[in-house]
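Subject: Structure for your review

Dear colleague,

Please find the structure below, with its sequence. My notes on what was found in it follow directly after.

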Amino acid sequence: METAFSGASNLAEAVDRAFIFIFSISFIITIAISVLMIYIVIHFSRKKVKNPKQFTGNTKLEIAWTIIPLIIVLMMFYYGKVGFTPMREVPPDAMPITAIGRMWAWSFDYGSGKISKDLVVPLNRNVRMNLLSMDVNHGLFIPAFRVKEDVIPGYKNYLWFRPIVKGEFDVYCTDYCGLAHSGMTAKVIVVDSLDFEKWLVDLKATGNIPDLPGLTVLKGNGCLTCHSLDGSKIIGPSFKGLYGSKRVVITDQGEKTVDAFDDYIKRSILDPNAEVVKGFNKGLMQPYKDVIKGEDLDKIVDYFRKSSEQK
Amino acid sequence: MNYNSSPTAPLNFLNHKTGLWSWLSSTDHKRIGLLYLYSITIFFCAAAVLGLLMKIEKFAPGETIMTAQTYNGIFTIHGIIMIFIVVIPGLAAVFGNILLPIMIGAKDVAFPKLNLFSWYVYITGACLGLYSQFAKGHVPDAGWTFYVPYSAEVNSNIVIALTAAFVLGFASILTGLNFIVTIHRMRAPGMTWFRMPLFPWSLYATAWIQILATPIIGITLLMVIAERTLQIGFFDPALGGDPVLYQHLFWIYSHPAVYVMILPAMGVVSEIFPTFSQKPIFGYMPIVFSSLAIALVGYFVWGHHMFTSGMSYQARWFFSLLTFLVAIPSAIKVFNWLSTMYGGSVDLKPPLLYAISFIFLFTIGGFTGLTLGSLATNIQTHNTDFVVAHFHYIVFGGMGFGFFAAIHYWYPKIYGRMYNIRWANIAWAILFTGFNVLYFPMFILGLQGMPRRYFDYDPKFQTGQMISSIGAFILIIGLIGMISNLVYHVRRGAIAPANPWHGVTLEWQIPSPPPHENFDEVPVITRDPYVFDNPYTK
Ligand code: HEM
Ligand SMILES: [Cu+2]
Ligand SMILES: [Cu+2]
């Protein structure tokens, strides 16, 4: 089980050593400065001191408090560098996996068309993540492994690690990438080597990157039998270019024009017959009020918004 | 400093002319400073409320009071306002304007009309920032950093926000230029460079950063605008550009910009410690040269914002090393301030209270900055709540508390009236408590892996998030307490003498509020700035 701070990769120990070193020194000096300030304020208070000393400096002290901090920060630098250097030295035997980032989901490509939503990795095996972005910047962050690297379109960034603890850990996106940035999460699942091999064999080689969450909802509810994604008209209007566009709709009060943002889209799913798109017939689409729950509704809207942002 | 003040003149810069237009058309540096003070205060309060809204949203995981889209818009405009409209002009535009000429014995800045023009440029930029929120379409949501490709592709009012930042940059450049020329050309007879007080020195170092670094962000933002409107591929890979190039250009400005914010605050507390200890500043020269060193070395550390962007290994450790070196001048200053108080006659009035909390908060911000500057630990903390906590400690705890120290210090000089001291102390206590309850838990959240700019979060982070949200409420109460005390006493406070704190720099030698042209007779300076040869406590 993961505790709040425990490290789960070979890299964590050196990183944590740097943390402990820097935090200890910071803590001691911050406390020392605070105590000194409180002491000064009390001991040299105006009530007690009527004749303040008038000295203006001391070269020896200045040299001391230049040199000593210099030594301390150079040690901090050293610990940081030592903890970091192995992160850039990928062992040649590392198993390559491509992490694909896009708005707003991760997928992990194991080669030969095998793509997974979660990152399943074998215990005690070196893994190299090649980072591929399909749209904007993302950041692949696995706190328990102490690794993070930006996923930038056109750049071949990478990171590596060797998991040393079995279990499930979080994957986050750390570069702001739009509406559902905070929902762009995944799991790392560390399993025994044998279990991993079995899992990989069972993973279907679809060659497809799994659908975005919103699209899954659309497919799962059969929306795409009436709505196309490519602009063609089926029974209902196509979803292409829907988000942010102007719609002419017929209501009980007559015809009006609305902007197709979140509210309108949600209304047209929950209660499609209140505003009927001009040129289509009322009553063809059933109200989905009791079918599609809040979160799925948001996913659909996210999906529409995202499609509209892509040029 | 043998300038004798005339008996308090009834006519002063506040009342020698009246009416709104006399303010909007005034080229008096003090009035322009107040124009900045009022505009900055309004924007600060607005953005602070936005900060509170974000914290309410984060009180619990999932949607609490707003949608993800609203949250993303709010953190963006909160950042844009706080950075470009509040803290970058901040101390320099307000207290620099009001006090720089007085402290060096001049009647005004070198280019008074340009000074007024800068304020109008500033207001134009600030209004554009507001317009980005109300114009048709989506509010901008790329964060104040505007990283490409997102900012080049997203369908929201990014161009307006970019133009706002671009225009605000001009105001900053013009103010910097004005101050450099003022300091070079307008010092009173006898005021040699090393007889200049430390606040003007810090403004001087700041001004160089403003005029040298700001054009870089200007052109960079223009390039993103060109990218969006003319489809020229500078940064967006979809158009053949390089997204990491954008990050380099952005931080070449924005790291030095951090020093534009913090250096003047260091200058302010360097004035406050001597006065409230009735003792000369300790280590005048080291403080001056550490400001210049920060301004210089601060140019070469921008890469520490990009340790995970895929830079070469060599670049990463080199930027890390330089980052550690730039910490030294700041440490030197802290030790000099402590030694200034040591052996003095220390009077714990509100300005000193704020100055001391400045040291405390800045120390925490500084050390966590070292955590971010060290490579191994940066990887874990980069782009998490740890960074958010760090920069609020530096910028709000440092620059913000420096600003509060300054207003409590010079308030009686500016308005000729005194605020309520007890009230100020209580507000300080609430503010200081709220600040730490709000931001300290974010260090721990960040270490646990909580990323920044997250609308929603894993329930395992809830305890920390809740404590932090409670802190936001306490902080806001403290802010209201502090501001209302100051506002209330502008007209109703007790009449303040010309020199209530027994300071020795030039501004304390003239009446409060200062007359329209500061000095009836230009002072002649014959000695160092901080000589307390007759401490009034004797
Ligand atoms: C008054 C109380 C304040 C509160 C409650 C507050 C709260 C916050 C919160 C919650 C965030 C967003 C964190 C995230 O989601 O990643 C944030 C970001 C930020 N704050 Fe504040 N803040 C306050 C004051 C300030 C001040 C005084 C400054 C500047 C001096 C400031 C500058 C910023 C900046 C630059 C960001 C980053 C925006 C971005 O990520 O694009 N804040 N603040
Ligand atoms: Cu993201
Ligand atoms: Cu920086």
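Glu275(A) and Arg267(A) form a salt bridge in this predicted model, their closest N and O atoms being 2.9 Å apart. A salt bridge here is a side-chain nitrogen of Lys or Arg within 4 Å of a carboxyl oxygen of Asp or Glu. Glu275(A) has 10% relative accessibility and counts as buried, while Arg267(A), at 38%, counts as partly exposed. For these classes, buried means under 20% relative accessible area, exposed over 50%, and partly exposed in between, with a 1.4 Å probe and protein chains only.

Because this is a predicted model, local features need pLDDT of at least 70 and side-chain atom pairs count only at pLDDT 80 or more, whereas totals for chains, interfaces and linings use all residues. Residues are numbered from 1 along each chain as its sequence is written, chains are lettered from A and ligands numbered from 1 in the order in which they are written, and side-chain values use heavy atoms, with hydrogens and water left out.

Further salt bridges

Over all chains, a search of the whole structure finds 20 salt bridges. One of them pairs Glu13(A) with Arg17(A), with the closest N and O atoms 3.2 Å apart. Both residues lie in helix 1 (residues 12–43) of chain A, four residues apart, about one turn of the helix. Helices (H or I, at least four residues) and strands (E, at least two) are DSSP runs, numbered from the N terminus. Glu13(A) is exposed, with a relative accessible area of 58%, and Arg17(A) is partly exposed at 42%.

Arg46(A) and Asp347(B) also meet through their side chains in a salt bridge (3.5 Å, N to O). Arg46(A) lies in the loop between helix 1 and helix 2 (59–84) of chain A, and Asp347(B) in the loop between helix 11 (313–341) and helix 12 (350–373) of chain B, so the pair joins two chains. Both of these residues are buried. Together with Lys349(B), Arg46(A) and Asp347(B) are linked in a network of salt bridges.

The sheet in chain A

Five strands of chain A form an open sheet of mixed pairing, in the order 4-10-9-6-7. Two strands pair if DSSP finds at least two bridges between them. Strand 4 (119–122) and strand 7 (147–151) stand at the edges with a single partner strand each, so one side of each is left without a neighbour in the sheet. Strand 9 (residues 167–173) and strand 10 (residues 186–191) run antiparallel and are joined by five bridges. Val171(A) has Ala186(A), in strand 10, as its bridge partner.

Domains and nonpolar cores

Chain A is divided into domain 1 (12–88), domain 2 (95–202) and domain 3 (213–309); the bounds come from an automatic or database domain assignment. The centres of domain 2 and domain 3 of chain A, taken over C-alpha atoms, are separated by 33 Å.

A nonpolar core is a set of buried Ala, Val, Leu, Ile, Met, Phe, Trp, Tyr and Cys residues joined through side-chain atoms within 4.5 Å. The largest has 247 residues, of which Met129(A), Phe161(A), Phe95(B) and Trp410(B) touch the most other members. Domain 1 and domain 2 of chain A both give residues to this core, so it lies between them. Another core, of 24 residues, lies apart from it and has among its members Leu242(A), Ile292(A), Val301(A) and Phe304(A).

With kind regards
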